[in-house]
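Reader: I am new to reading structures. Could you take me through this one step by step?

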Amino acid sequence: MKNNQDLSFDHLDHVLARAAATADASDSHGFLVGLACTAGVADTQLWEQQLLADQDSAAAGLAKTLLQTHFRDIQASLNSSDLGFELLLPDDEEAIAWRTTMLGQWCLGFLSGLGIGGLPDTDSLSEEVNEIIGDLTDISRVDFEVEDATEDDEVALQEIIEFVRVGVLFVHEELQPVKPAPAQLQ
């Protein structure tokens with residue numbers, strides 16, 4: 001699935017691999033989205049420590065810069081009124097088993113980002129958000145093996161991706177509600 005930002009899954013995955021990162025592109029994207037949902041902002045040192053494991057190379061510097069820019073894009077897409085937020089996953093041309101695995105990694109990264117970002121106690125969250133988090137936990141454990149994917153498998157995967165996307169927007173809205181603009185004096 002293509003992301004609506006300028007960053008592709010393959011490009012980020014390549015940059016992270018060269019930097020010997022501890023996470024792949026989907027996991028990293030999910031992690032940053034989770035941070036954006038809970039904290040609203042991401043402490044650069046926090047996510048660098050989680051995703052890049054104190055790398056000091058030129059490749060790690062490029063990865064840091066790319067992730068910083070990408071985090072700003074994530075925040076903008078989550079806060080956009082056009083609901084244009086998309087998960088960063090491999091292209092639809094990739095094998096369904098790979099895309100499903102990366103969806104699981106994305107969800108795992110998202111859940112980690114929520115936790116590291118300071119997710120409130122579940123008692124203070126709505127029933128819907130708790131249910132979404134439970135569903136994403138289940139999806140993060142996905143194990144999908146298929147040799148010949150059918151059209152039904154493709155449709156099912158797209159429906160799950162859309163469920164995750166909308167669920168994340170719902171979680172973000174509850175944890176980072178849009179504040180009304182202050183009234184202007186006339």
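Reader: Is E154 buried, exposed or something in between, and why?
Author: E154 counts as partly exposed because its relative accessibility is 22%. Buried means under 20% relative accessible area and exposed over 50%, with partly exposed in between (1.4 Å probe, protein chains only).

Reader: What should I know about the model itself?
Author: This is a predicted model, in which local features need pLDDT of at least 70 and side-chain atom pairs count only at pLDDT 80 or more, while totals for chains, interfaces and linings use all residues. Residues are numbered from 1 along each chain as its sequence is written, and side-chain values use heavy atoms, with hydrogens and water left out.

Reader: Back to E154, then. Which side chain does E154 meet in a salt bridge?
Author: E154 meets R99, at 2.6 Å from N to O. A salt bridge is a side-chain nitrogen of Lys or Arg within 4 Å of a carboxyl oxygen of Asp or Glu. E154 lies in helix 7 (residues 151–175) and R99 in helix 5 (residues 96–117), so this pair ties together parts that are 55 residues apart in sequence. Helices are DSSP runs (H or I, at least four residues), numbered from the N terminus.

Reader: And is R99 buried or exposed?
Author: R99 is buried, with a relative accessible area of 3%.

Reader: Which residues are linked with R99 in a network?
Author: The network of salt bridges links D92, R99 and E154. Between D92 and R99, the closest N and O atoms are 3.8 Å apart. D92 is partly exposed, at 39% relative accessibility.

Reader: How many salt bridges are there in the whole structure?
Author: A search finds 4. One of them joins D138 and R141, whose closest N and O atoms are 3.5 Å apart. R141 is exposed, with a relative accessible area of 60%.

Reader: New topic: helix 2. Why is it said to be largely enclosed?
Author: The reason is that 14 of the 14 residues of helix 2 are buried, so the rest of the structure largely encloses it.

Reader: What span should helix 2 have?
Author: At 1.5 Å a residue, its 14 residues (25–38) should span 20 Å, and the end C-alpha atoms are 20 Å apart, which agrees. The expected span is 1.5 Å times one less than the number of residues.

Reader: What comes just after helix 2?
Author: Just after helix 2, G40 takes a positive phi of about 80°.

Reader: Which residue other than glycine has a positive phi?
Author: A20 is one of them, with phi near 55°. A20 sits in the loop between helix 1 (9–18) and helix 2.

Definitions and conventions: Helices (H or I, at least four residues) and strands (E, at least two) are DSSP runs, numbered from the N terminus.
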